[in-house]
Amino acid sequence: MAEGSAAGFAFVVSRESRNLATTVAPSDAAHPHGTTRRDFLYLATGAGAAVGAAALAWPFVASMAPDAETVAAGAPIEVDLTPITEGQIINVFWRGKLIFVRRLTQKEIGEMKAVQAAQMIDPAPFYARVKEGHDQWLVAYGNCTHLGCVPIANQGGHPGWGCPCHGSLFDAVGRVTRGPAPINLPIPPYAFQGDAKVRIGEGATA
Amino acid sequence: MTTPKRGIEGMMRTRALVAGLAAAILAATAAYADEGGPTPPREKWTFSGVFGTFDQAQLQRGFQVYREVCSSCHSLHYVRFRNLAEEGGPHFSASQVKALAAEYKVKDGPNDQGEMFERPGRPADKWPSPFPNDQAAAAANGGKAPPDLSLMAKARTFSRGGLWFVIDWLPFVGYTEQGPDYLHALLNGYKDSPPEGFQVPEGGHYNEYYPGHIIAMPKPLSDGQVTYPKGANGQPVVPETVDQYSRDVTAFLMWTAEPHLLARKELGLRAIIFLLVLAGLLYYVKKKIWSDVGGETHGLQPELHKTG
Amino acid sequence: MSAHATTYVPKSGIAKWFEARLPIIGLVHSSFIAFPIPRNLNYFWTFGAILIVMLASQIVTGVWLAMHYQPSASEAFNSVEHIMRDVNYGWLLRYMHANGASMFFIAVYVHMFRNLYYGSYKAPREVLYILGVIIYLLMMATAFLGYTLPWGQMSFWGATVITNILAAIPIVGDTIQSLLWGGYSVGNPTINRFFSLHYLLPFMIAGVVVLHVWALHVTGQNNPTGIPIKTGKDAVPFTPYATIKDVFAVVVFFVFFAYWIFLQPNYLGHADNYIPANPGVTPAHIVPEWYFLPFYAILRAVPDKLGGVILMFGAVIILAFAPWLDTSRVRSANYRPIYRQFFWVFIACCFLLGWLGAKPPEGGYVLAARVATFYYFAHFLLVMPLVGLFETPKPLPGSILESVTGPGKQVGASGMPAGAAAAPPTKG
């Protein structure tokens, strides 16, 4: 079949196309204005296509960001503090993240205030960890700042938290006392509503 | 270009065949052109067409009608309080929506004791349904649950039949607001006395536009039923009539069905203009490139144009 | 891929090193750069490129939708509304995907009708063509599976009706049906496996597309004259000539696509699919998506359940036999005065079937559907063999180039590169 030989032309034509480049170039050089116009046209089209591709990609990227429902669900939560006894830690969730609410004992408050902040891995004075006037209450995110495991509280007589994954230690107000965790357990935005209630997430930005 | 004799004969035979087939079909289908019930009249909507937008004041009034009248039986399952504050919708202020949500009790839980409890609504909450489930809704309404209204304006669209579908999608001459037209017609379609000889069963109501004419829902709207906010002169800005209520609530339901309608059209116009410009540029690029080989051949049957 | 040696010559050291180990650049070069295309291709030949872009578009939007969609009977409808309302640009992704399916079918129908008109299915392109029919079948399966996923009324009842069609197959029908359902009716297991298969099939399509393109590059493209490339003067290299033309056509097609996405996103769908699936209520008019309507009309034209199913599938399968049913020595209908008329009647017949598929199966509509169904099959079984035998085709041009420049006129007018004139003519 004659048809079957079409592919055989690949050689011929590609040689042509190479010739094309050499034969066309001189004629372009003879018409510098034409060349400029052509270059501009190609450039404008290429730029337009690039802008279009980027604009097309944007919705796909944006759709992977938290959606409106997830963002709206981050409304503050209220935690009733009355049932929490001295020394007790409760877990709550805000925006899907674990938060410890800990009621410190008087002994712990005294010890924590006495620590020399400057010598810590991530120096933070006592009142950077709890709100003044509410010395008893620690509210901190409950995931280790190393790789996100949940530290275990009061294990083996340690008065704070110890991470089961890589051995980081935190004191009673969540300050890191031994690595590999690089920083203290972060404090979420929260505010007291009187003495018996706390709103976690109050004042947070979406 | 010359057509050989044989071709003409072939064409004539074909034409006769097509004409015969078409005639047979038209004759056969004429009897089925009208498929029961009057067609809802075509209304004017601010949101129709390529440049159509929602009228924010109308959506707010429509929401009021829904809230004061429809919401006692019909849920709005896919609407959250926060949606009411969104741009391109009724666009109430955030504080208005917060206050509105707080007026409703929302079931939440379980709490630490494992019990469900009620708390004031938050903007993130769903619009509360009048009934806890479909069965309860049916039991309270004579066996037929009032349908959810979130998507009604899109779910009740119908085709005009015939060959209208060929042009109905086109810009400016098309027509795709049959859904809202139906809702408006239905709300205005109640007749106190059905046509003679038409038996309306117990618990049914005669409606000109409802398929089969017997609708379970009693006439929901009457003139003056909803008090609209007053304008500067102390008079309502729009008449407080069934017709106006139904227009407003229909526009509101169009928004609940298609909350991103404005964003969609806005982005669409930009995208189309951009693509047209890009296509124009590409056309000239293509022309330049093809000029190297003597230009592109045009036409669907180039050889027929060139020979002779 | 194809047998001939590539003309790609790597220049840099790295390119040479790589080409010696995996000659993929040479492959791309010989397939999409140096590949010779007939110089007289019209815009109907850009639909192959458009189809590849649409397949990519469907796969990408589909993958992104799957990040938000939940394939379960209780959550599917809600998750689609979640995409429409809450996901950033979710409405855009969904409308692109839903309307993209329609655009895909519009493009494939143009591609198929072009193929039938210009006789592209004829030897030596039979395998290329049959691969195309397989792609079309896979597309239909994918589209059907995808349409069930929003789990609206039309999704549910479409799934019910089509799975019941399969139950008509003798002996194994019931087994197939219950394997598809995963239960005693269309339900949660059904939507779950349909989602899985809907995700799988597009990649199978992509695989067959690779074979389709491979086969194309073995035989070369047909063209409006239907006569093969005889000398280098009949052809131009794929890049830049076909490339730029395809890109232009794709962007023009995108204008059309964008219109549907942004300004008429629900026109091609069914209103009933905005009502959640309800196994207790069937919508008044059950109709498939527009691209299935001709086959649906054929299905309903037959009073017997099994017979209808056989004819419906037969209407697709018969396409695969076109290369052997067509007895004409000439490919292009441009040179077939009688067949050309029949071709347009066939197109009209397909449109008519489509229109009838949307009508209720009553009285005159059924009669018309039977006439049109008969004609549909007659086109393949009677018209194609007989017209080919008795028709006197018009004289073919001497070459593709001659069809472009006219007989008598000389090559100089064509502006082909100088090398072309020196190119050795091959067996042709």
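These legends go with a set of close-up views of a predicted model.

Residues are numbered from 1 along each chain as its sequence is written, and chains are lettered from A and ligands numbered from 1 in the order in which they are written. Since we're looking at a prediction, local features need pLDDT of at least 70 and side-chain atom pairs count only at pLDDT 80 or more, while totals for chains, interfaces and linings use all residues.

**View 1. Where chain A touches chain B.** Here 13 residues of chain A are in contact with 14 residues of chain B (contact: C-beta atoms, placed from the backbone, within 7 Å of each other). On the chain A side, helix H1 (9–30) and helix H2 (32–62) each bring at least two residues. H2(A) gives the most, with eight residues. Sorted by class, this side of chain A has nine nonpolar, three polar and one charged. For the classes, Ala, Val, Leu, Ile, Met, Phe, Trp, Tyr, Cys and Pro count as nonpolar, Asp, Glu, Lys and Arg as charged, and the others, Gly among them, as polar. Helices (H or I, at least four residues) and strands (E, at least two) are DSSP runs, numbered from the N terminus.

View 2. An unreviewed UniProt entry puts "domain: Rieske" at residues 99–199 of chain A; UniProt positions are in the numbering used here, feature names are shortened, and annotations may be inferred rather than shown by experiment. That stretch is 13% helix and 25% strand, with its end C-alpha atoms 12 Å apart. Look also for A:Arg95, in the loop between strand E2 (89–94) and strand E3 (97–103). A:Arg95 isn't a glycine, yet its phi is positive, at about 55 degrees. It counts as partly exposed because it has 16 C-beta neighbours inside 10 Å (20 or more make a residue buried, 12 or fewer exposed, and anything in between partly exposed, with C-beta atoms placed from the backbone).

**View 3. Helix H2 of chain B and what covers it.** H2(B) runs over residues 56–68, and its end C-alpha atoms are 18 Å apart, in agreement with the 18 Å that its 13 residues should span at 1.5 Å a residue (the expected span is 1.5 Å times one less than the number of residues). Among its buried residues are B:Leu59, B:Phe63 and B:Tyr66. Part of the cover over the buried residues comes from helix H7 (242–257) of chain B.

**View 4. Helices H6 and H7 of chain B crossing.** The axes of H6(B) (residues 178–188) and H7(B) come within 9 Å and cross at roughly 145 degrees. Axes are lines fitted to C-alpha atoms, for helices over the stretch in contact, and angles run from 0 to 180 degrees between N-to-C directions. Residues that meet here include B:Leu183 and B:Leu187 from H6(B), and B:Thr250 and B:Leu253 from H7(B). By class, the contact has six nonpolar, four polar and two charged residues.

View 5. Another cis bond joins C:Thr239 to C:Pro240, with omega near 10 degrees; C:Pro240 lies in helix H10 (residues 238–263). C:Tyr89, in the loop between helix H4 (76–85) and H5, has a positive phi near 60 degrees. With 20 C-beta neighbours inside 10 Å, C:Tyr89 counts as buried.

Technical notes. Two residues are in contact if their C-beta atoms, placed from the backbone, lie within 7 Å.
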